[in-house]
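Dear colleague,

Please find below the structure that I am handing over to you. My notes on what was found in it follow directly after.

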Amino acid sequence: MSSNISALTQIALKDWILIIESGNIVTFAQFFFIALEGYIHFFDRSRPPFYLQQNKVPLKRWSLTIIMFFLISVLNNSVFIFKISIPIHIIFRSSGTAVVMIIGWLIAKKTYNKIQISSAVLLTIGAIITTLYKDHNIFAKRDEGNEGFLSVLSNDVLFFIGIGVLLFAAILMALLGLYNEETYKKYGKHWQENVFYSHLFGLPIFLFMFPRIITEFKNLLKYPESFNILGFELPKQIVYLGLNVLTQFFCVRGANMLAGNTTALTVSVVLLLRKFTSLLLSMWLFNNRLSATGSFGAFLVFFGAFLYSYGSTQNKPKTATPSVKDEIEIKELTPNETDDIEKAKLVSKD
């Protein structure tokens with residue numbers, strides 16, 4: 001039974017990889033669906049011509065957020081056209097905690113205690129160890145052909161370009177988290193507005209890649225296998241695309257809700273734990289067991305998360321609780337209404 005489940009999940013994984021490699025259509029579908037849901041949420045029929053509620057944060061403040069978010073989405077979804085293996089991609093996506101900490105220290109002048117720094121190191125190392133514990137082909141070059149100018153580049157050149165793209169996306173993600181943190185502090189926790197406008201104003205940028213999007217969509221329609229859903233035969237890839245959009249919708253909402261109520265570093269820690277949990281879940285689906293090394297990596301991740309939680313409490317300023325004596329002195333110094341009247345009489349006599 002377990003071997004049958006493993007075989008099915010391996011087949012499904014191949015289908016999902018085909019979806020992931022269609023980076024432009026995936027990103028466009030995600031942006032379109034989230035923008036549509038946001039428009040329904042912010043719809044206001046009393047405010048023509050766009051029928052949108054008054055925004056709480058100035059649109060010029062969201063403009064930089066929109067540009068960075070769009071670039072991050074395109075870079076992360078399109079990096080698979082380079083000679084980058086899945087484990088390498090996971091490692092760079094898992095390094096967000098350390099990158100946010102470094103960028104926060106260099107640019108935002110944030111300070112972190114030793115416990116928080118140690119936790120970031122443990123989280124990153126643990127995620128890397130668990131990802132690589134059984135992967136002997138991490139630097140293997142993929143065999144798929146590339147189109148256009150990429151076809152004239154060697155596999156090694158493509159690999160290093162891909163690494164550069166991943167590094168740039170990680171830095172942009174850290175900057176975006178810190179920028180949104182400052183936005184929420186200044187204007188309030190309007191994270192739903194951020195989700196809506198970042199996706200809505202990102203849509204026009206897809207016009208520059210629309211021919212590629214149409215081509216990728218036609219390729220998904222040509223997929224030979226299909227699902228029968230409510231009497232309709234839908235290509236498997238279209239169904240998987242829909243599932244990808246839905247999961248991304250809930251992921252984006254959850255991440256932004258968290259960002260509106262905590263710091264960029266805490267968000268990166270939680271997202272790392274989410275990615276790590278997904279990795280462990282995939283191992284379970286494929287009937288893979290963690291080796292001693294993999295188990296050690298898992299321990300480092302969870303221990304690092306515990307350390308971060310503890311270290312964050314050490315950075316909070318302690319508020320002194322007034323003693324009973326202090327409260328009595330405060331009450332004695334507080335003038336009552338009679339004192340106020342007597343003072344007013346003396347002032348009027350003067």
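Which residue in the turn of the hairpin formed by β1 and β2 has a positive phi? The residue is Leu230, with a phi of about 55°, and two residues separate the strands of this hairpin.

Before the details, some conventions. This is a predicted model, in which local features need pLDDT of at least 70 and side-chain atom pairs count only at pLDDT 80 or more, while totals for chains, interfaces and linings use all residues. Residues are numbered from 1 along each chain as its sequence is written, and side-chain values use heavy atoms, with hydrogens and water left out.

Fold and hairpin

The protein chain contains 14 helices and two strands; these are DSSP runs numbered from the N terminus (helices H or I, at least four residues; strands E, at least two). Strands β1 (residues 226–229) and β2 (residues 232–235) pair in the antiparallel sense over four bridges, where pairing requires that DSSP finds at least two bridges between two strands. Ser226 stands opposite Pro235 in β2.

Of the 350 residues in the protein chain, 39% are buried (buried means under 20% relative accessible area, exposed over 50%, partly exposed in between; 1.4 Å probe, protein chains only).

Nonpolar cores

A nonpolar core is a set of buried Ala, Val, Leu, Ile, Met, Phe, Trp, Tyr and Cys residues joined through side-chain atoms within 4.5 Å. The largest such core has 32 residues, of which Val79, Ile84 and Phe206 touch the most other members. At least two residues of this core come from each of α2 (23–42), α3 (59–78), α7 (155–187), α9 (210–221) and α10 (236–259). With nine residues, α7 gives the most to this core. Another core, of 20 residues, lies apart from it and includes Met101, Ala170, Leu178 and Val301.

Leaving aside its neighbours within four places in sequence, Phe206 is in contact (heavy atoms within 4.5 Å) with Asn24, Thr27, Phe28, Phe31, Phe70 and Ile213. Leu166 is placed in helix α7 and counts as buried because its relative accessibility is 2%. Not counting residues up to four places away in sequence, Leu166 touches Asn76, Val79, Ile84, Ile88, His89 and Phe92.

A cavity is a set of points, on a 1 Å grid over the protein atoms alone, where a 1.4 Å probe fits but cannot get out; lining residues have an atom within 4 Å of a point. Grid points are joined across faces, edges and corners, and a volume is the space filled by probe spheres set on the points. The whole structure holds three cavities of 30 Å³ or more, and the largest cavity contains about 60 Å³ of space. Its lining consists of Ile34, Glu37, Gly38, His41, Phe42, Gln192, Val195, Phe196 and Arg253. To this lining α2 gives the most, with five residues. Helix α8 (191–200) also supplies at least two. Eight of the ten residues of α8 are buried, so this helix is largely enclosed by the rest of the structure.

Backbone points to check

A cis peptide bond joins Pro48 and Pro49, with omega about 5°; Pro49 is in the loop between α2 and α3. Tyr51 lies in the loop between α2 and α3 and has a positive phi of about 55° although it is not a glycine. Lys109, in the loop between α5 (96–106) and α6 (114–132), is not a glycine and has a positive phi of about 55°.

Kind regards

Definitions and conventions:
1 Å grid on protein atoms, 1.4 Å probe; cavity = no way out; pocket = protein on both sides within 12 Å on 5 of 7 lines; lining within 4 Å.
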